[in-house]
Amino acid sequence: MAAFLANVGVNAGHAAHSPLFADGTFALLPIPERRPWRRPMLRLRDLPPALHAHAPRAWRGMAVHLDPDLASDTPTYGDNCRHAGRAFSLRRARPGDVIVFLARLHSSRAAAGFHLVGRLEIEDALEDVTADPGKGWWDANAHIRRARARGDWDSFWVFRGSRRSELFGRAIPFRREETELVLGAGTRWPPHRTELQTIGSSTRAVRRIEGQGEEWLRAICPS
């Protein structure tokens with residue numbers, strides 16, 4: 001088995017930030033969709049107030065890509081594992097593997113930092129979706145919603161999570177020490193780049209993790 005590390009949520013290139021609160025709780029803001037809203041896509045204002053309260057007012061009516069979706073009755077995560085280079089490693093994912101989600105969070109008391117925010121333990125997968133698969137456990141996933149609204153059936157994959165899938169109650173810091181433990185001590189830290197920049201670039205693509213790194217990721221996740 002293996003673990004996968006996936007960087008999700010808004011990042012430095014967006015006009016909004018995912019907040020980290022003093023008690024370690026957080027709000028993970030989804031990225032905006034590139035195309036206008038149509039049913040059954042989600043708008044930010046359709047989500048809990050704890051999310052849209054931290055986004056620019058102009059975002060309220062925008063379509064958003066809520067992925068991973070760990071709060072629905074069936075947890076899911078989707079990606080374009082066939083055409084998007086950042087997701088190629090997920091083509092090797094199998095039931096029992098776990099996808100651990102990393103996000104850039106902003107605290108009012110400190111600089112931005114990366115944190116582990118949730119996990120999806122893979123139970124099943126819908127692979128290379130090129131046409132509407134009909135009604136099923138995948139219905140609430142952002143890729144399915146967007147494709148049904150816009151016709152973008154572009155070979156994306158959707159992973160179904162087990163009951164052990166969850167958004168964490170509190171964020172788990174992911175700094176240099178944790179990065180080297182998970183990605184290996186050979187991780188390069190260029191002197192002209194900040195720790196945050198290096199972690200961001202090192203995790204831009206979904207990483208498949210085995211051995212000690214996988215053991216740590218599985219052990220650190222709340223049970």
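**Cavities, pockets and backbone**

User: How much space lies in the second largest cavity?

Analyst: This is a predicted model, and a search of the whole structure finds two cavities of 30 Å³ or more. The second largest cavity is lined by Val8, Gly9, Leu28, Leu29, Pro30, Leu66, Asp67 and Pro68, which by class are six nonpolar, one polar and one charged. The space in the second largest cavity comes to about 30 Å³.

User: Which element gives the largest share of the lining of the largest cavity?

Analyst: The largest cavity holds about 50 Å³ of space, and its lining is made of Glu33, Met41, Leu42, Val64, His65, Leu66, Ala140, Ala142, Arg145 and Arg146. At least two lining residues come from each of β5 (63-65) and α2. With three residues, the largest share of this lining belongs to α2.

User: Which element supplies the largest share of the lining of the largest pocket?

Analyst: The largest pocket has a volume of about 1000 Å³, and of the 33 residues that line it, the closest to its centre are Asn7, Asn11, Ile31, Arg34 and Arg86. Two or more lining residues are given by each of β3 (31-32), β6 (76-79), α2 (142-150) and α4 (195-202). By class the lining of the largest pocket has ten nonpolar, twelve polar and eleven charged residues. The largest share, four residues, comes from α4.

User: How many nonpolar residues are in the lining of the second largest pocket?

Analyst: About 370 Å³ of space lies in the second largest pocket, and among the 18 residues that line it, Pro48, Leu51, Leu66, Ala71 and Leu167 are the closest to its centre. The elements α1 (49-52) and β10 (166-173) each give two or more residues to this lining. Sorted by class, the lining has one polar residue and two charged ones, while the number of nonpolar residues is 15.

User: Is Val182 buried or exposed?

Analyst: Val182 belongs to helix α3 (residues 176-183), and beyond its neighbours within four places in sequence it is in contact with Leu5, Phe174, Ile209, Gly213, Trp216 and Leu217. Gln212, 30 residues away in sequence, is 7.2 Å from Val182 in space, C-alpha to C-alpha. Because the relative accessible area of Val182 is 6% and the cut-off for this class is under 20%, Val182 counts as buried.

User: What is the omega of the cis peptide bond that joins Asp67 and Pro68?

Analyst: Most peptide bonds are trans. Pro68 is located in the loop between β5 and β6, and another cis bond, with omega near 5°, runs from Arg39 to Pro40, where Pro40 lies in the loop between β3 and β4 (42-43). For the cis bond between Asp67 and Pro68, omega is about 10°.

User: Is Ser155 buried or exposed?

Analyst: Ser155 sits in the loop between α2 and β9 (156-161), and although Ser155 is not a glycine, its phi is positive, at about 65°. Since its relative accessibility is 12% and the class applies under 20%, Ser155 counts as buried.

User: What phi does Asp128 have?

Analyst: Most residues other than glycine have a negative phi. Asp128, placed in strand β8 (residues 113-129), counts as partly exposed at 27% relative accessibility. Although Asp128 is not a glycine, its phi is positive, with a value of about 50°.

Note on methods
Residues numbered from 1 in each chain as written. Predicted model: local features only at pLDDT ≥ 70, side-chain atom pairs only at ≥ 80, totals over all residues. Heavy atoms only, no water. 1 Å grid on protein atoms, 1.4 Å probe; cavity = no way out; pocket = protein on both sides within 12 Å on 5 of 7 lines; lining within 4 Å. Points joined across faces, edges and corners; volume = space filled by probe spheres on them. Nonpolar A, V, L, I, M, F, W, Y, C, P; charged D, E, K, R; others polar. Buried < 20%, exposed > 50% of the residue type's maximum accessible area, 1.4 Å probe, protein only. Contact = heavy atoms within 4.5 Å.
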